[in-house]
Amino acid sequence: MTDQQTPPNPLDAAAAAQAAAAAHATPDAAPQADAGQRLAELEAKVAELNDAHLRAKAEAENARRRADEEVAKARKYAVESFAESLLPVRDSLEAAIANTPESADPKLLEGVHATLRQLVSALERHKVVTINPPAATKFDPHQHQAISMVPADQESNTIVAVLQKGYLIADRVLRPALVTVAAPK
């Protein structure tokens, strides 16, 4: 009794290889399709996240820019309400000087002048500028407030007289100048 093995049949080996290939072909095709679909999904997700990142970055930059602008405006106009409350004081000091009788104490008048100079200097340091247009200046509704229209020997819609000075702070009107305007002829 010899141990002899029979040689493999080449037809059986080919059939076994074909069966194995068929068995592996079906599962391999499905994972490749799944992998392609998964890759497309992941690429779409990356594009979506990249878009969201860029939008968030732009929003943060816009918020930073708006905050910087607000801080700049706050610095520029910080004294606006305080300056506005001092304007009647300046008007009163100027009226006191203009209406001072000849018999007034010269030292008192000099004190009023000194106080007015200090107030004017303080307002100018904070960029408060006077709006006091000369006669015949074209009426500007952004800086002037017309109180009345009067007949005058000058071009219509020009300033005849200033009743109360106006003021600007930086480039913003703090108080418009009260004026009378020449009526149309």
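User: How many salt bridges does a search of the whole structure find?
Analyst: It finds eleven salt bridges. A salt bridge here is a side-chain nitrogen of Lys or Arg within 4 Å of a carboxyl oxygen of Asp or Glu. Keep in mind that this is a predicted model, where local features need pLDDT of at least 70, side-chain atom pairs count only at pLDDT 80 or more, and totals for chains, interfaces and linings use all residues. Residues are numbered from 1 along each chain as its sequence is written, and side-chain values use heavy atoms, with hydrogens and water left out.

User: Why do such side chains pair at all?
Analyst: Side chains of opposite charge can pair when their charged atoms come close.

User: Which side chain does Glu 41 meet in a salt bridge?
Analyst: Glu 41 meets Arg 38, at 3.9 Å from N to O. Both sit in helix α1, three residues apart, which is about one turn of the helix. Helices (H or I, at least four residues) and strands (E, at least two) are DSSP runs, numbered from the N terminus.

User: What about Arg 65 and Glu 69?
Analyst: Their side chains form a salt bridge too, 3.3 Å from N to O. About one helical turn separates Arg 65 and Glu 69, because they are four residues apart in helix α1. Arg 65 has a relative accessible area of 36%, so it counts as partly exposed. Glu 69 is also partly exposed, at 40%.

User: And what's the story with Arg 90?
Analyst: Arg 90 pairs with Glu 94 in a salt bridge of 3.1 Å, N to O. Both are in helix α2 (residues 80-98), four residues apart, or about one turn of the helix. Arg 90 counts as buried because its relative accessibility is 7%. Elsewhere, salt bridges that share partners link Glu 61, Arg 64 and Asp 68 into one network.

User: New topic: where is Thr 158?
Analyst: Thr 158 is in the loop between β2 (144-150) and β3 (159-164). With a relative accessible area of 4%, Thr 158 is buried.

User: Which residues does Thr 158 touch?
Analyst: Leaving out residues up to four places away in sequence, Thr 158 touches Ala 136, Thr 137, Lys 138, Phe 139, Thr 180, Val 181 and Ala 182. Contact means heavy atoms within 4.5 Å. A polar atom of the Thr 158 side chain also lies 2.5 Å from the backbone oxygen of Glu 155.

User: Okay, zooming out, how many helices and strands are there?
Analyst: Three helices and six strands. Along the sequence the pattern reads α-α-α-β-β-β-β-β-β. Buried residues make up 18% of the 185 residues.

User: Last one: which elements have the lowest and highest mean pLDDT?
Analyst: Helix α1 (residues 10-76) has the lowest at 80, and strand β6 (residues 177-182) the highest at 96. The pLDDT is the predictor's confidence in each residue, from 0 to 100. The protein averages 86, and 83% of the residues score at least 70.

Methods. Buried < 20%, exposed > 50% of the residue type's maximum accessible area, 1.4 Å probe, protein only. Polar contact = N/O pair within 3.5 Å; in protein donor to acceptor, adjacent residues only side chain to side chain.
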